[in-house]
Amino acid sequence: MPDFADFVEKGDEKPASFASDDNFAAGLLKTGSPKCYMNMKNYFVLQFRRIERKLTEAGIHPFPGILLAGVAFVAISAYLFSRTAAADWIYALLGFFVILKLGDANRNDLLRSIFKRKDYYLIRVQENIITALPFILYLVYERTYLMATGLFLISIPLAAINTRQLWRFTIPTPFRKFPFEFIAGTRKAFWLILAACFLTLKSIQVENFNLGVFSLALLFFITLSYYFKPERAYFVWIYSANAKGFLRKKISTALICSSILTIPVLVMLCMVFPENIPIITGVQMAGYIFLISMVLAKYSAFPYEMNIPQAVLYSLCLWFPPALLIVIPIFFVQAQKRLNPILE
Amino acid sequence: MISIKGLSKSYGNKQVLKDINLEFPKGGVYGIIGENGSGKSTFFRCIAGLENHEGAILSDLPNLKNELGFLQTNPDFMSRITGWEYLKLLCIARDINDDDFERQNIFDLPLAQYAETYSTGMKKKLALLGILLQHNEVFILDEPFNGVDIHSNIIITEIIRKLKSCGKTVLISSHIFSTLSDNCDVIHLLKDGKFVKSAGPDEFEQLNAGMREFAVGNSLDRLNIR
């Protein structure tokens, strides 16, 4: 069997072995033919295999890994619904953005070139529904039928969305003078930021403090994601600073940009919930500290992505924030070691 | 002055650069030629400090890396960053407080567009503009003419002349001999990881003829073109 999964993932040219697969090619000849459906089935089986591979590469056995992910999904969902009245909105929006991710132009261009037009849309619709299904099922379980139906219905037309079309135009950001993480990150997570702001407004409208704090924390979580992937070494090399100076610049940029993004939300929450100002400012401070540790964590593995021990260490801090007191210096020393050969 | 002493570089068992000793005096334009895979880009990356290597790269500058502009063969850009923001990043990296990029945009690049959507030539011009805005003392231009239109080729040639007149040191690689012979003080021929010949302007013609003979020879006769 040719490695279709890698083919889709990498977006490379069609591998020779794949191109010469007569069964596959024959299946493409006639839309709706049994072979064509077999290939569509193969596509989904291979997507499942990709997930298995990723778990295996991360050192997790697929079966307990998937089981654990399912349990975690239900646990987080239950927690969310127990904490806020607007959980159905958060849930529906989350589902929406996850589906939107599947509309990425690179992978879809490749699928378009392989499958007939009708089959392509069939695959995309099925893919969207499968992805939305856990969210829909939990919304049904929580008896929020309107949201569940809405999410189901929106997942069908979203199959026609090609996200490249959405970013052909330049999305303006307030971070123009502070390249590059917040500029690129905000453009990529544009919808998610809008959703967080919507939740802030909703929290004010329904006077739900927990939802307001959640929206502030969500904004910080979004900014953490800007630092997941390392840039190419060249973009570190260009700096005329030593490792310490470089990290100082990156951290100060992160703090300035995150303040630009979160302070309007912070101010609004403080005005509406003045009795909870200490909690709100506490969340803001915690957000800053997590952001600093994320910047350091990123460069502690540079030029590679964060490895499992680093990710575990970081996750530990999310559950037990005082651990940051130990973890931040560790990341800082590691980051200096990683950056010195490039910057000196 | 950049002085290279005993530079060697290997990727696994494959030795790409073999004990290179070379000097690039300040204010000169130096061409590096060689076949694909001869080690030109690796040589440049070693000078820039982007590759670990054996041997030493010395300079009379306090920190060569901080005054070096490196135009890579295939410059690439982060996704969803405009040309303007890329230039700003390069300036910030060198503590240069400049953002009047529209005025300095000699290539008429669409700076408000995402750089990743630029064509090959536009990407090269944007990367070149970036290192020019950094006011570097040394420039490494890895195939600067590749994929660039004629109009911009002329501009790049003039930029190199301007840099030379300002006393900057420029190292260029190119697969088009004329682009080097028009601009360089010395051309060095890299072959199998070693510099096998260095030629001044009066020897360029001879070097070109020798290369043509080596590359083409009688091989075209085998094609039986009529």
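Tutor: The model is predicted, and local features need pLDDT of at least 70, while side-chain atom pairs count only at pLDDT 80 or more, and totals for chains, interfaces and linings use all residues. Residues are numbered from 1 along each chain as its sequence is written, chains are lettered from A in the order in which they are written, and side-chain values use heavy atoms, with hydrogens and water left out.

Student: Why is B:His188 called buried?

Tutor: Buried means under 20% relative accessible area, exposed over 50%, and partly exposed in between, with a 1.4 Å probe and protein chains only. B:His188 has a relative accessible area of 5%, and therefore B:His188 is buried.

Student: Where does B:His188 lie, and what does B:His188 touch?

Tutor: B:His188 belongs to strand β8 (residues 186–191) of chain B, where strands (E, at least two residues) and helices (H or I, at least four) are DSSP runs numbered from the N terminus. Contact means heavy atoms within 4.5 Å, and, not counting residues up to four places away in sequence, the residues that B:His188 touches include B:Leu22, B:Phe24, B:Tyr30 and B:Ser198.

Student: What makes the pair B:His188 and B:Ser198 a polar contact?

Tutor: A polar contact is a pair of N or O atoms within 3.5 Å; within protein, one must be able to donate a hydrogen and the other to accept it, and residues adjacent in sequence count only if both atoms are side-chain atoms. The side chains of B:His188 and B:Ser198 make such a contact at 2.6 Å.

Student: Is B:Ser38 buried or exposed?

Tutor: B:Ser38 has 7% relative accessibility, so B:Ser38 counts as buried. B:Ser38 sits in the loop between β3 and α1 of chain B, and a polar atom of the B:Ser38 side chain lies 2.7 Å from the backbone oxygen of B:Glu35. Leaving aside residues up to four places away in sequence, B:Ser38 touches B:Val16, B:Leu190 and B:Gly193.

Student: Which residues of α5(B) are buried, and what covers them?

Tutor: The buried residues of α5(B) include B:Ser152, B:Ile155, B:Ile159 and B:Leu163, and what covers the buried residues includes β3 (29–33), α4 (120–133), β6 (138–142) and β7 (169–173) of chain B. At the start of α5(B), a side-chain oxygen of B:Asp149 comes within 3.3 Å of the backbone nitrogen of B:His151, and just after α5(B), B:Gly167 has a positive phi of about 80°.

Student: Which peptide bonds are cis?

Tutor: Among them are the bond joining A:Pro179 and A:Phe180, with omega about 10°, and the bond joining A:Phe302 and A:Pro303, with omega about 5°. A:Phe180 lies in the loop between α10 (163–166) and α11 (181–188) of chain A, and A:Pro303 in the loop between α16 (277–300) and α17 (308–319) of chain A.

Student: How many cavities of 30 Å³ or more does a search of the whole structure find?

Tutor: On a 1 Å grid over the protein atoms alone, a cavity is a set of points where a 1.4 Å probe fits but cannot get out, and lining residues have an atom within 4 Å of a point. The search finds one cavity of 30 Å³ or more, and the largest cavity has a volume of about 50 Å³, a volume being the space filled by probe spheres set on the points. Residues lining the largest cavity include A:Tyr234, A:Phe235, B:Phe70 and B:Leu71.

Terms used:
On a 1 Å grid over the protein atoms alone, a cavity is a set of points where a 1.4 Å probe fits but cannot get out, and a pocket is an open set with protein on both sides within 12 Å along at least five of seven lines; lining residues have an atom within 4 Å of a point.
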